[in-house]
Protein chains: 2
Amino acid sequence: MADQNKLVKEITSMDEDFAKWYTDVVKKAELASYSGVRGCMVIRPYGTALWENIRNDLDSRFKATGHENVMMPMFIPESLLQKEKDHVEGFAPEVAWVTHGGEEKLQERLCVRPTSETLFCDHYSEVIHSYKDLPKLYNQWCSVVRWEKTTRPFLRTMEFFWQEGHTMHETAEEAIEETERMLNVYADFCEQSLAIPVVKGKKTDKEKFAGAESTYTIEALMHDGKALQSGTSHYFGDGFSHAFNITFTGRENTIQYPHQTSWGMSSRIIGAIIMTHGDDNGLVLPPAVAPVQVVIVPIATHKPGVTEKAQELCERLQKGFRVKLDLSDNSAGWKFAEYEMKGVPLRLEIGPKDIEKNQCVLVRRDNREKSFVSLDSLEEEITAHLKALHDALYQKALDRREEMTYTVSNLDEMIENATNRPGFIKAMWCGELACEEKLKEVAGVTSRCIPFEQEAITDTCVCCGKPAKHMLYWGKAY
Amino acid sequence: MADQNKLVKEITSMDEDFAKWYTDVVKKAELASYSGVRGCMVIRPYGTALWENIRNDLDSRFKATGHENVMMPMFIPESLLQKEKDHVEGFAPEVAWVTHGGEEKLQERLCVRPTSETLFCDHYSEVIHSYKDLPKLYNQWCSVVRWEKTTRPFLRTMEFFWQEGHTMHETAEEAIEETERMLNVYADFCEQSLAIPVVKGKKTDKEKFAGAESTYTIEALMHDGKALQSGTSHYFGDGFSHAFNITFTGRENTIQYPHQTSWGMSSRIIGAIIMTHGDDNGLVLPPAVAPVQVVIVPIATHKPGVTEKAQELCERLQKGFRVKLDLSDNSAGWKFAEYEMKGVPLRLEIGPKDIEKNQCVLVRRDNREKSFVSLDSLEEEITAHLKALHDALYQKALDRREEMTYTVSNLDEMIENATNRPGFIKAMWCGELACEEKLKEVAGVTSRCIPFEQEAITDTCVCCGKPAKHMLYWGKAY
């Protein structure tokens, strides 16, 4: 077990230094490594497989709600980016500019897309003519670039991977419905596939997307009490339609402007998985997206029949699960530690004695509970344990969030809480930007969202004491 | 049928103007449209679905041969691109340069990747230490940018989509084996999934990839007699390993340099599908990658029970095929023409009389053959017709290629053929660059490949008359 201890010791504990723990896990679980390009990651095979599972799951949810994928250019000409005033103000300071093609200086600069509203609108202006062309429900999977000063793997990188949905609708009502529908798709995905509970709500005007009329968000609470915005959905009204001159002939034969949405979830969700479920032994992956759901570790492979039995089990289980059999010459202890680090949900151990008894040992990653399982009912047992593990991850995360959610009534309480107790803070707000700015200054918190589920804590704003309009979630955020 | 004629007339015939026919098909089949960004396409939902099917098919072939996906940065710092001399000379003149991030001028320019050998090598130098770390069998799906002066949808665009495999091996033999293995994967994919016959061979030194020791290629012949390089596989030796200082401790405990390959297939393969199988009614798609394999067109939907029966059939067939039911209020004739334009392999028509007889009408896209098919054996019939259609497409393309392949013995014959008869030209070559350059000048042909299947046409070079080393395929190419 010397090997195992060595491996385990190599990562910093969460309590000692959470940020260091996080980067240790990213590195040791072989999710990603730094590249020679400032602020950009190399996403390694294990991290890529995880992202592909996330993508496939989300993509099937998008298709089930009627969306189609497209592939847009990665460049945006400067003049196109400038067509919508708020949007360009929000994004121009943080884009990468292409100025030369080969030896030649370009007549017009191109930015590498930070987001693609402008490209979609340019295309929509060509393909939308009649109400019969609506709705347009498009999505694309790609990477985008934002010139960030400080970066952290998955959480904030110059280039990141995401999907961006861009839709156009006949009426404002339909567009708002779509905005809410896609927020629910994100929330369901987080809860059902990632075992991450989220708070659904609306962003304040200060925090909304550049150019949007309203932004909806799902917010998750990480292990260290910081919030992570995990997916957003925007309603644009017809602002871009006017800016890009997108019109259609309506049912009453009048010229109208369509109503727009966009929505995105990115590779930072991998950061959320790490910081929601991980522990001092490494990553813990929710079964629905784990690249390997079950690892088989044969014990005493020098004994006759063990390797063969393990191979037979692997072939059998591959019909229903993502399975890996490790036949390397590393010690069993080393393998246990390695797959714990990689967050593989279930481990099966099988040795000569197990074979005699027609059983194997099943170990759950989250609580390390061992059970002896008959080989006759292995598929059923694995299915049940994967489900139990998912449910346990979800419940644990939900319990932690509830424990770490505080309610405050006045500014002193807010400052006291923000200073001493990491987590979500629920407090009333008058609706004024000045109070948001002051709370950031004096308590270091930002508004996370105006949750759909409102509570009346007090009648007055936690900051200025004037009449309150909404209850908000506040916190420190990634 | 007025509608149908209108739609058909909208595309130029192949014989009238092949280039115009091609762009008409791209546009009318709604595969792609031009974007506001010079030289870049918008790949529309139908084109994206086609690319996704191509990607999924190829990806499963890569995984079956032991490869893993990764995701690398889209930028390459100038100093990294310059590390391998031949490579930078080949690519620097055609890259897009990022010089500014936000308002700030970068200290070092970044190019948008034209290909990623340098990024993979940078990463490999970090993760390869011992022979136990080899082979590394990585692939990535992404887009790359090359600053092209003239562009055509799918065939040549500034940004294009592709996969690039990059592998590292302990020995030269293993790397060469991999290079050949992946060429065969491409050839099998083209023949089995796309119904496109290809010639396998090696590129001459003039035509090989910048920095490679040797380049293998598959070449397909388009309807107009021009060749299209459809996939390439490169053997690099250990040149990049030396340039990037990638070393490993070998089995005998000595420091060694690994041997490298790369291989790629791109979205230009969609151009090959169009120009191999298409006809004057539009696209014809091979069933393995067609976004819609079977379209159901109900006839006389005002009659009771027709719509319901069509819906029932659609649900039933969706269990085994990619099926679309068109219930729009367009006329049946308009629908026939539309799905012919989009190249849907099979059309099912069902009306009141068919329902009475428990049958439907099945029409093949390629030859428009109609048959009446019992609803009881519909799945079997569809499976058989899809297979027959695939085989017919392949055979037709092969026959055409054979008809359009000529053998020449001397320079006059070469010029005469190249001038008057589009197609592949087989001719002997001495191995000298001067003859390749002269043939380009006087006959307008380039060497396509030195095919693995050699024939001895004559003993002397078609150009200079000196002793011949190889038989080559020559031609005009996209």
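This is a predicted model: local features need pLDDT of at least 70, side-chain atom pairs count only at pLDDT 80 or more; totals for chains, interfaces and linings use all residues.
View 1. The C-alpha trace of chain A spans about 80 × 55 × 50 Å when it is laid along its principal axes. Because a compact globule with 478 residues would have a radius of gyration near 23 Å, the 25 Å found for chain A agrees with such a form.

**View 2. The domains of chain A.** Chain A is divided into domain 1, covering residues 14-277, domain 2, covering 294-388, and domain 3, covering 405-475. Between the C-alpha centres of domain 1 and domain 2 of chain A there is a distance of 39 Å.

**View 3. The side of chain A that touches chain B.** Here 41 residues of chain A are in contact with 42 residues of chain B. The elements of chain A that give two or more residues to this side include the helices H3 (45-64) and H6 (117-127), together with strands such as S2 (41-43), S6 (104-112) and S8 (159-169). The most is given by S5(A), which supplies six residues to the side of chain A that touches chain B. Sorted by class, this side of chain A has 22 nonpolar, eleven polar and eight charged residues.

**View 4. Strand S5 of chain A beside strand S5 of chain B.** A closer look at S5(A) shows that this strand pairs with S5(B), residues 96-101 of chain B, in the antiparallel sense and over five bridges. Within this pairing, Trp97(A) stands opposite His100(B), a residue of S5(B).

**View 5. Confidence along chain A and in the complex.** The mean pLDDT of chain A is 95, and 98% of the residues of this chain reach 70 or more. For the complex, the predictor gives an ipTM of 0.95 and a pTM of 0.96.

Definitions and conventions: Residues are numbered from 1 along each chain as its sequence is written. Chains are lettered from A and ligands numbered from 1 in the order in which they are written. Two residues are in contact if their C-beta atoms, placed from the backbone, lie within 7 Å. Helices (H or I, at least four residues) and strands (E, at least two) are DSSP runs, numbered from the N terminus. Ala, Val, Leu, Ile, Met, Phe, Trp, Tyr, Cys and Pro count as nonpolar, Asp, Glu, Lys and Arg as charged, and the others, Gly among them, as polar. Two strands pair if DSSP finds at least two bridges between them. pLDDT is the predictor's confidence in each residue, from 0 to 100. Domain bounds come from an automatic or database domain assignment. The radius of gyration is taken over C-alpha atoms; the globule rule is 2.2 Å times the number of residues to the power 0.38.
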